[in-house]
Amino acid sequence: MGSRTGKITKGAIDELIARGGKKPVRDSELKGFGARLNADRSVSYFIEYRAGRGRGFPVRRMVLGRHGGLTADQAREAARAELAKVTLGKSDPAAERAAARKEKTAAEFLRHVLETHWRAKKKASTAKNFEGMIERTLIPVFGTKKLSALKRADVRTWHASQTHRPR
């Protein structure tokens, strides 16, 4: 039995959960929009699109969100907006998400610089002092932030809060 096709509604999602199928439900109203049953019995809304023109480009799937957090109509509107961007050639949302996941955090970047630059080019005692300062002051504040999310205002605010330090 292939995947079910029809307009994705709450009833269609309830049916998907009841039958427990592994095949996704595809929307008849919006090409590329669908819903699937996850292993934990939750339902996720997704879009599928070709990342470029022609068969030589890969088909990508991007999850929009879970049923419950989104209604079927909200997911359809989100899918319509994302698919419009893809059609106009303005974005590849799945590739953008993958790049964001691979981007370094401030902690990873600082430790990398410490290893490749400061330890290699400074005296051992200087590198040790830098490492201590980074681990005690910078990483607790900025460590989990992605580099693209780190703003000049964040650094200025942190720097202004360091007036109690002698150096």
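Modeller: The model is predicted, so local features need pLDDT of at least 70 and side-chain atom pairs count only at pLDDT 80 or more, while totals for chains, interfaces and linings use all residues. Residues are numbered from 1 along each chain as its sequence is written, and side-chain values use heavy atoms, with hydrogens and water left out.

Biologist: How many helices and strands does the protein chain have, and what pattern do they follow?

Modeller: There are six helices and five strands, in the order β-α-β-β-β-β-α-α-α-α-α along the sequence. Helices (H or I, at least four residues) and strands (E, at least two) are DSSP runs, numbered from the N terminus.

Biologist: Why are α4 and α5 called roughly antiparallel?

Modeller: Helix α4 (residues 106–121) and α5 pack at about 170°, with axes 10 Å apart. Angles under 35 degrees count as roughly parallel, over 145 as roughly antiparallel, 65 to 115 as roughly perpendicular and the rest as oblique. The pair α4 and α5 is therefore roughly antiparallel. Their contact (heavy atoms within 4.5 Å) includes Leu110 and Trp118 of α4 and Phe130 and Ile134 of α5.

Biologist: What makes α5 oblique to α6?

Modeller: The axes of α5 (residues 124–142) and α6 (residues 152–160) come within 12 Å and cross at roughly 140°. That angle makes α5 oblique to α6. The contact is made by Thr137, Leu138, Val141 and Phe142 of α5 and Asp154, Val155 and Trp158 of α6.

Biologist: Why is threonine 105 classed as buried?

Modeller: Buried means under 20% relative accessible area, exposed over 50%, and partly exposed in between (1.4 Å probe, protein chains only). Threonine 105 has a relative accessible area of 14% and is therefore buried. Threonine 105 lies in the loop between α3 (93–102) and α4. Not counting residues up to four places away in sequence, threonine 105 touches Gly143, Thr144, Lys145, Lys146 and Leu147.

Biologist: What share of the 167 residues in the protein chain is buried?

Modeller: Buried residues make up 32%.

Methods: Axes fitted to C-alpha atoms, helices over the stretch in contact; angles between N-to-C directions.
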